[in-house]
Amino acid sequence: MKQIDVQKDILSSNEATASENSTLFSQKGIYVLNLMSSPGAGKTTLLERTIVLLKDTLSLGVIEGDIATSYDADRISAHGVPVTQINTGGACHLDSSMIKNALSTFDLDVLDLLIIENVGNLVCPAEFNLGEDAKVMVLSVTEGEDKPLKYPLMFRLSRALIINKVDLLPYTNCSLEKIIEDATSLNPDLSIFETSCTHMTGLNAWKAWLEKEIHTKRTRSIADG
Ligand SMILES: Nc1nc2c(ncn2[C@@H]2O[C@H](COP(=O)(O)OP(=O)(O)O)[C@@H](O)[C@H]2O)c(=O)[nH]1
Ligand SMILES: [Mg+2]
């Protein structure tokens with residue numbers, strides 16, 4: 001019996017385009033985040049809060065990935081930030097060629113920070129690099145403390161974990177300590193933030209992390225010429 005490893009081909013072609021995207025982002029001096037979580041964890045709300053915190057000092061752009069609708073793009077657009085909606089029509093993740101195609105809708109010469117909100121899913125988005133500088137994941141406390149060990153890849157590959165909806169902790173049996181312990185055991189370098197996007201807590205530490213990331217990339221590109 002002959003077997004063709006389609007998965008491997010898809011992933012290696014995705015890597016090639018991700019690498020092209022990454023080179024373009026570096027040439028243009030754009031820092032890029034790939035924001036991932038299960039549906040409803042609070043990605044778009046976090047994005048809206050982040051936009052308010054940063055839009056006076058940085059030029060922002062957003063790519064929204066969803067299976068259907070432009071609901072999230074409409075929420076971002078209300079903040080006056082350039083946004084492009086990608087509808088995957090069923091696919092459970094974004095891939096690097098979708099991002100490449102969406103880039104023509106932005107003025108890349110003026111952008112400092114591009115945030116990509118991936119399709120809500122704790123599995124597939126982690127497998128597809130988009131050319132981003134960092135993967136960041138959001139986990140809300142209502143999803144349960146068992147998620148790091150059940151969905152380890154996303155926790156392993158992310159640079160930062162935002163534990164959101166901490167305002168709801170009193171109404172759940174979720175242990176923040178357990179999430180932090182398990183996530184750190186999978187990825188000791190993970191930066192962890194505890195936030196409530198509705199009560200506006202924990203967001204300054206997240207903002208400071210992001211500003212430092214952007215600054216570090218800029219300093220590195222200047223040093224590299
Ligand atoms: N209680 C509470 N609700 C939140 C918080 N962040 C987001 N939400 C709510 O969670 C729901 C899903 O949020 P959304 O940002 O659309 O999640 P997404 O699907 O990951 O983009 C919305 O009703 C938000 O208002 C939070 O920190 N606390
Ligand atoms: Mg969303």
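**Metal site.** I'm working from a predicted model, so everything below is computed. I started with the magnesium ion (ligand 2) and asked which residues coordinate it. I found Thr44 through OG1, Asp72 through OD and Glu117 through OE, at 2.1 Å. Then I checked how these donors are spaced along the chain, and I got T-x27-D-x44-E. Thr44 sits in helix H2 (residues 43–54) and Glu117 in strand E4 (residues 113–117), so I noted that this pair links distant parts of the chain, 73 residues apart.

**Burial.** Are Thr44 and Glu117 buried or exposed? The cut-off for buried is under 20% relative accessible area. Thr44 counts as buried because its relative accessibility is 5%. Glu117 comes out at 3%, so I put it down as buried too.

**Largest pocket.** Next I looked up the volume of the largest pocket, and I have about 190 Å³ for it. How many residues line it? I get 19, with Gly40, Ala41, Gly42, Lys43 and Thr45 lying nearest the centre.

**Where the lining comes from.** I traced the lining of this pocket back to H2, strand E2 (60–66) and helix H3 (71–77), each of which supplies at least two residues. H2 gives the largest share, 3 residues. Sorting the lining by class, I wrote down 9 polar, 7 charged and 3 nonpolar residues.

Notes:
Residues numbered from 1 in each chain as written. Chains lettered and ligands numbered in written order. Predicted model: local features only at pLDDT ≥ 70, side-chain atom pairs only at ≥ 80, totals over all residues. Heavy atoms only, no water. Donors = N, O, S within 2.8 Å, 3.2 Å for Na, K, Ca; no water. Helix = DSSP H or I, 4+ residues; strand = E, 2+ residues; numbered from the N terminus. Buried < 20%, exposed > 50% of the residue type's maximum accessible area, 1.4 Å probe, protein only. 1 Å grid on protein atoms, 1.4 Å probe; cavity = no way out; pocket = protein on both sides within 12 Å on 5 of 7 lines; lining within 4 Å. Points joined across faces, edges and corners; volume = space filled by probe spheres on them. Nonpolar A, V, L, I, M, F, W, Y, C, P; charged D, E, K, R; others polar.
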